[in-house]
Amino acid sequence: MPILPPPQIPVEPPARAPEFDPLLAFPELAALRESVRRSSWEEVAAFFDALTDPADRSFAIRVVTETPEVGGFLQRAVAAHPGSTLPRVLQGGYYVHQAWEARGSSLAKYVSAEDFAVFRRRLGIADKLLGQVTAEEPGNTDAWRLRLPVSRGLQQGTDRTRRHYLRLAAHDPHDYPAQSQLLQHLLPKWAGSWEEAFTFARQCRLVAEPGSLNPVVLAEVHLERRFNVGGEQDPAHLRRPEVVAELVDAAEHSVLHPDFRGGYHSIAAHGHFAAAFGLAGEHALAAPHFRALNGYASEFPWIDLRSLTSPGRGTAYRRLRRLAARAAR
């Protein structure tokens, strides 16, 4: 199978906006999900063989592992291909997804003991599967990346989680999805502090290659600080001049850089900057990101903006997009 070209946000806007379904933005992902539904392992394996970008692979793994009723297919694939690690990586990803589905997105104090037990049991299965893969293939960045939310969920400690990340970074020091996962661990709502989180995000930006996704981690941490889940919100945070300047630098070095290649994460990447600049009141700076999005959206960061307007995740998107369009006139 030929190497796939870098995925791009469609130039044709969706029938409804914002459109949150990535399969409508990237038809090849819809074809991948159809291959999973038809239990065609050959087609699934060929799709991953054609993906060279680690960030795109991480997104495709999510598409497979979040497909309804995929568990049996992956179990059969593991049994039928004992010499291949890809089926076990996908099965590990499946258990990671199922674990977090059982836990939900609520703070720990709102999760029942029964749900926590299911959560930990499924993460334990994933930990074993992915640990076997990384033992066999120390350079398997897909498996190391998936071990990060496992370590966080099982509360294995910051030292162990960092070791997992460093093992991955030894093979790919610019793995954006892995950096985004480690950032979550370093936030105060999990096991870290704002100092740790911002230090790590700024290091990601410092060493980022021009046109890469890595500076987006800075937009993520600033939005997290704005909402400060589990603590007091800080609405003024994004309006600070030094924060705006840092976001401008990150955007210009990543999604607005001439060398930006696109990719399956590009919708979320532009979305983080659009949301951050919009909440900062810098609507002219948000405008190029909304133009690039062209009506498409990702679950995050918009699901975190629901409380600002209404339960609908698209309401804040539409409101900030209108303000950006006016500012750009």
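What we have is a predicted model, in which local features need pLDDT of at least 70 and side-chain atom pairs count only at pLDDT 80 or more, while totals for chains, interfaces and linings use all residues. Residues are numbered from 1 along each chain as its sequence is written, and side-chain values use heavy atoms, with hydrogens and water left out.

Let me begin with helix α2, residues 27–37, where helices are DSSP runs of H or I with at least four residues, numbered from the N terminus. Its buried residues are L29, L32, R33, S35 and V36, buried being under 20% relative accessible area and exposed over 50%, with a 1.4 Å probe and protein chains only. Seen down the axis of α2, these buried residues fall within an arc of 155°, so they line one face of the helix; the arc is taken over the directions from the helix axis to the C-beta atoms. P27 and R37 are exposed on the other side of α2. The buried residues pack against α1 (22–25), α3 (41–49), α4 (54–65) and α5, contact meaning heavy atoms within 4.5 Å. After α2 comes S39, with a positive phi near 55°.

Helix α5, residues 71–80, has G71, F73, L74 and A77 buried. Down the axis of α5 its buried residues fall within an arc of 160°, so they too line one face of the helix, whereas the face turned away from that buried side carries the exposed residues Q75, A79 and A80.

Next, the helix pair. How do the axes of α10 (residues 176–186) and α11 (residues 194–207) cross? They come within 8 Å and cross at roughly 160°, with axes fitted to C-alpha atoms over the stretch in contact and angles running from 0 to 180 degrees between N-to-C directions. The two helices are therefore roughly antiparallel to each other, a term used for angles over 145 degrees. On the α10 side the contact is made by Q179, L182, L183 and L186, and on the α11 side by E196, A197, F200 and C204.

Finally, H164 sits in helix α9, residues 158–169. Is this histidine buried or exposed? H164 is buried, with a relative accessible area of 7%, and, not counting residues up to four places away in sequence, H164 touches W144, R147, L148, S151 and Q156.

Key. Angles under 35 degrees count as roughly parallel, over 145 as roughly antiparallel, 65 to 115 as roughly perpendicular and the rest as oblique.
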